[in-house]
Amino acid sequence: MPAAASPSVLESLSNDLTGAVERVGACVVAIHARRRIPSSGVVWKDGIIVTASHTLQRDDDISLTLPNGDKVDASIRGRDPSTDLAILEVDAKVTPANVDTGDSLRVGQLVLALGRPGASVTAALGIVSALGGEWRTWHGGRIDRFVRLDLAIYDGFSGGPLVDGSGRVLGINTSGLSRSAALTIPASTVSRVADQLIATGHVRRGYIGIAAQPVQLPEDLVRSLSLSQELGLLVIGVDTGGPAQNAGLLLGDVLITFDGQPVADPAELLAAMSSDRVGAEVDVGVIRAGRREKVRVTVGERPTERRETRRGRR
Amino acid sequence: MGARSRFGAAGDALAVEMSSLAQFVRSFTVAITAASRRGSQAGTGVVWHPDGLIVTNAHVATRDNYTVTLATGDKVDAEVIARDKDADLAALSIPVRALRPAPPGDANTLRPGSLVLALGHPFGVANALALGVVHHVVRDGAGDPRWIAADIQLAPGNSGGPLVDATGRLVGVNAMIVSGLGAAIPVEVVTKFLRSTVGRSAWSPEVWAA
């Protein structure tokens, strides 16, 4: 086989891939907001940069390295740990990425994960390995589609774009929403959360003001109250002046239903309190002193999240 | 639209090309084993010149004598004629002529996303092929390639083996795995090493013109 044959399939594929990296790489910045290695971000709109919230380990003193090598200051416009997205503002002209918020993802599709954990852009090749419908993250954030990748995760993966062979941005990659796999937050979710963060600085989340932990319900109690579940949520903290306290929920109550739906896990309770529930009156079923009780709670809005300082993720 | 349909329509051609490329790379890849430890694989090497010049890593060729297994299956004695631990490169000489050397590539043409293939003998598996892309290229102060970092699945036995581009040209010698990334020494660095040690860079373009 001659080495210098006419352009082969492999060669033109390679050229397509490097072309896609070059085009999108011009919209990928390095974000200096943690120790050691910088994370990546994507210029989503003029002056607006999207990244993975968990990679921002400080709120101030954040700088960016732009594709042209310039270093500029940036500030956090808003962050939503529930979807692991954050928005940065920057006063610099960088061309926004060609974002595809449509439904063009396919299982088996060749994709690139780009990053900029420093001065130069990096690329990893893989395929979309699984797609699913809407899902909730472990913090209760709503993600439009489940997108799992067969792709190696290196430094700079989180906050970087998922790119197709023609240089369109399909989403933002993060290792902060799963312990085991590379996941992508689809572009439609990124745009929705970004719009909310730009408008208000945070994403509205329902809040009733309790701390709870799952507990096993005694068998005889399950039988005598004819419950459909074996687990409940023991209330171990009630915020002063919060919706739960105002409604009369007490320390030691065991929460078993929320708006008619059984809840046995704190994540289920979080998932039930999406932004559209803010202001709604909801019946909360509890076990108190061995008897079933119903408490009517007006769902409030969650105060702004504390910043996350999870470490050891890329 | 374009990219996705192209991947689909080109599937067969891609598969045929990959296997012929693998066969081609195999023709200039050798196994390097320690003469005394029978059967235990030490690493992989690249045929650099038809007159019997083989290149591998210094950490593969720590002794003076080895057995080299050619693509034909022939086993020959090899003598280490140069070694540079800092560059992690070594040159071996074998008493065989008219070998088919690796075609010279250019690491400067590599960009993040460039397709690359590696061939080697990881864990004693002969001629294992790996496909990946360039993750980034580390450059020295003068802007010349110093390391090729690739998103590719390598194992220890890949050390000293070839990293080739989509056309089958040699762009690097696989040397180590760093944070999961394959790290290869660019051909330009290898050329410099050979010129300063064995006294010739020894690319042989005439062989490829023939």
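**Figure 1. Confidence along chain A of the predicted model.** Helices (H or I, at least four residues) and strands (E, at least two) are DSSP runs numbered from the N terminus. The chain A average is 90, and 94% of its residues score at least 70. This is a predicted model, in which local features need pLDDT of at least 70 and side-chain atom pairs count only at pLDDT 80 or more, while totals for chains, interfaces and linings use all residues. Residues are numbered from 1 along each chain as its sequence is written, and chains are lettered from A and ligands numbered from 1 in the order in which they are written.

**Figure 2. Stretches of chain A with pLDDT below 50.** Residues 306-313 of chain A stay under 50 in pLDDT and have 10 contacts beyond four places in sequence. Two residues are in contact if their C-beta atoms, placed from the backbone, lie within 7 Å.

**Figure 3. A:Arg36, a residue with positive phi.** Most residues other than glycine have a negative phi. A:Arg36 is not a glycine, yet its phi is positive, about 65°. A:Arg36 sits in the loop joining strand E1 (28-32) to strand E2 (39-45) of chain A. A:Arg36 is exposed, with 8 other C-beta atoms within 10 Å (exposed: 12 or fewer; buried: 20 or more; partly exposed: in between; C-beta atoms placed from the backbone).

**Figure 4. B:Asp88, a residue with positive phi.** The phi of B:Asp88 is near 55°. B:Asp88 lies in the chain B loop between strand E5 (75-84) and strand E6 (89-93), and counts as buried, with 21 C-beta neighbours inside 10 Å.

Key: pLDDT = per-residue confidence, 0-100.
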